[in-house]
Amino acid sequence: MQTTEPDHSPQHGPDALSPPPVGPEKLPGIRHIIAVGSGKGGVGKSTVSVNLALALQQLGASVGIVDADILGPSIPGMLGIPTGEPPAMTPQGRMIPAQKHGLKVVSMGMLTGDDKPAVLRGPMVGKYLKMFVGGVQWGLLDYLILDLPPGTGDTQLTLAQSMPLSGVVIVTTPQAVSLKIARRGLRMFEKVQVPILGIVENMRTFTCPHCGESTDIFRHGGGEQMSQELGVAFLGALPLDADVVTCGDEGRPIVVDQPTSVSSQVYVTIAAALVAQLHAAVATLKPFVWKWDSNQGAPAWLEDAVRPAGARNTPIGLLRRDPRTLSILWEDGHRDDFDVRDLRLSCHCALCVEEMSGRKLLDPKTVRPDVSPRQIVSVGNYAIGFDWNDGHNSGIHSFSDLRALGERAMTKNVENV
Ligand SMILES: Nc1ncnc2c1ncn2[C@@H]1O[C@H](COP(=O)(O)OP(=O)(O)OP(=O)(O)O)[C@@H](O)[C@H]1O
């Protein structure tokens, strides 16, 4: 039988210290299901999952965690939960999760033990995953964290398509190779319409405990740059910290063992940013296919979602102001009005701009004055794609490009005054 601690987890709902989680429950009793993923292995995804869960708990939420790495479970070890002891079951045949440090936990490691590999075929992995989420007596949870295995394969797709995820947090380290793979993982989630809640950069700066000098061993700021490029929130950067390893190995995660350490404080900041993102996500635009002439399928215009500290690259409204003008309202309250022909001219797809040199291939003289969109579609939560009435339909405008375009136009107008 799996040992469980008495339930010290905070109360669900109005008593919580953090802003109450918003939105309808994703599963009965569970407000938000949040996947934590990465492209590359070993970037600290499980460490982040565990400490983020504990930091959310510190903010007053009740939190569960599923070790969705069915083939290589590591969460029991990090939390100090004995492995190979099957969990207790309710009379109705639902699994009772283990409890440690106030978190409710389910992992394949509890069934198989640490050193016995679970040899399962793809469909079985999917079945276990569904059981670990839907077949568990979770009780009331504000957040259920799913620690995904690395990669962009079957498990991630099964989860993304079969679970009502509130979104995914992507963990990366600052090296180029990790960023590249994280970007691929991010795109996969966007393709299957899972909101990206933000990027966490792990192992950024190492501060020598002897001399106090800081070194960026794996470079610096790549995660932040990626978030800007893709218009995705940057949740925070964690230092490279030897104590994180020791704490993880000893089953006492750093947020529990050293709550005042720099790492723990960053975790609490990341948890708060994640909660803010979930609030914002409730108000963000839903996917759309928008017929320009008839305005059928027009996306929302959510003025109520404007926040002074809102993201610059997150649109909260798109509007056909008149047949020649597309307005975009950004979360920080700024509005851009784009002439649709200017948007056609600014297309930078491979047909309009030479990829290697950046040389413009599109001659403005060849673009008719009355060019306008036939259709505009959302592309993940980072861009829109245009189908133009001149037959061109390969261009995608990312929100960060559109915001920059609006800014350039504004500067030009000021210069011309
Ligand atoms: N910020 C950090 N500073 C130092 N070490 C860290 C940090 N984050 C994680 N680690 C260490 O890196 C190793 C890998 O971490 P972890 O197992 O969390 O990665 P993962 O991405 O989940 O791996 P996998 O791909 O196997 O699932 C562990 O030894 C962990 O203690």
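A residue is taken as buried if 20 or more other C-beta atoms lie within 10 Å of its own, as exposed if 12 or fewer do, and as partly exposed in between, with C-beta atoms placed from the backbone. By this count, 42% of the 417 residues of the protein are buried. The model is predicted: local features need pLDDT of at least 70, side-chain atom pairs count only at pLDDT 80 or more, and totals for chains, interfaces and linings use all residues. Residue numbers start from 1 along each chain as its sequence is written.

The secondary structure comes to 12 helices and 17 strands. These elements are DSSP runs numbered from the N terminus, with helices (H or I) of at least four residues and strands (E) of at least two. Contacts were assigned where two C-beta atoms, placed from the backbone, lie within 7 Å. Among contacts between residues at least 6 apart in sequence, 70% join residues at least 24 apart.

The ligand is surrounded by 20 residues, and the closest are Gly 41, Gly 44, Lys 45, Ser 46 and Thr 47. By class, the shell holds 7 nonpolar, 10 polar and 3 charged residues. Here Ala, Val, Leu, Ile, Met, Phe, Trp, Tyr, Cys and Pro count as nonpolar, Asp, Glu, Lys and Arg as charged, and the others, Gly among them, as polar.

An unreviewed UniProt entry places the feature "binding site" at Gly 39, Lys 40, Gly 41, Gly 42, Val 43, Gly 44, Lys 45 and Ser 46. UniProt positions follow the numbering used here, feature names are shortened, and annotations may be inferred rather than shown by experiment. Gly 41 lies in the loop between strand 1 (30-37) and helix 1. Gly 41 counts as partly exposed because it has 13 C-beta neighbours inside 10 Å. Lys 45 lies in helix 1. Lys 45 has 26 such neighbours inside 10 Å and so counts as buried. Beyond its neighbours within four places in sequence, Lys 45 is in contact with Val 36, Gly 37, Ser 38, Asp 147, Pro 150 and Val 171.

A nonpolar core is a set of buried Ala, Val, Leu, Ile, Met, Phe, Trp, Tyr and Cys residues joined through C-beta atoms within 7 Å. The largest core has 93 residues, of which Val 36, Leu 52, Ile 145, Leu 146 and Val 169 touch the most other members. Domain 1 (30-283) and domain 2 (289-416) both give residues to this core, so it lies between them. The domain bounds come from an automatic or database domain assignment. A second, separate core of 5 residues includes Trp 292, Ile 376, Ile 384 and Phe 386.

Most residues other than glycine have a negative phi. Met 203 sits in the loop between strand 7 (196-201) and strand 8 (206-207), and counts as buried because it has 23 C-beta neighbours inside 10 Å. Asn 295 sits in the loop between strand 11 (289-291) and strand 12 (315-322), and counts as exposed because it has 11 C-beta neighbours inside 10 Å.

Definitions and conventions. A residue is near a molecule or strand if its C-beta atom, placed from the backbone, lies within 6 Å of it.
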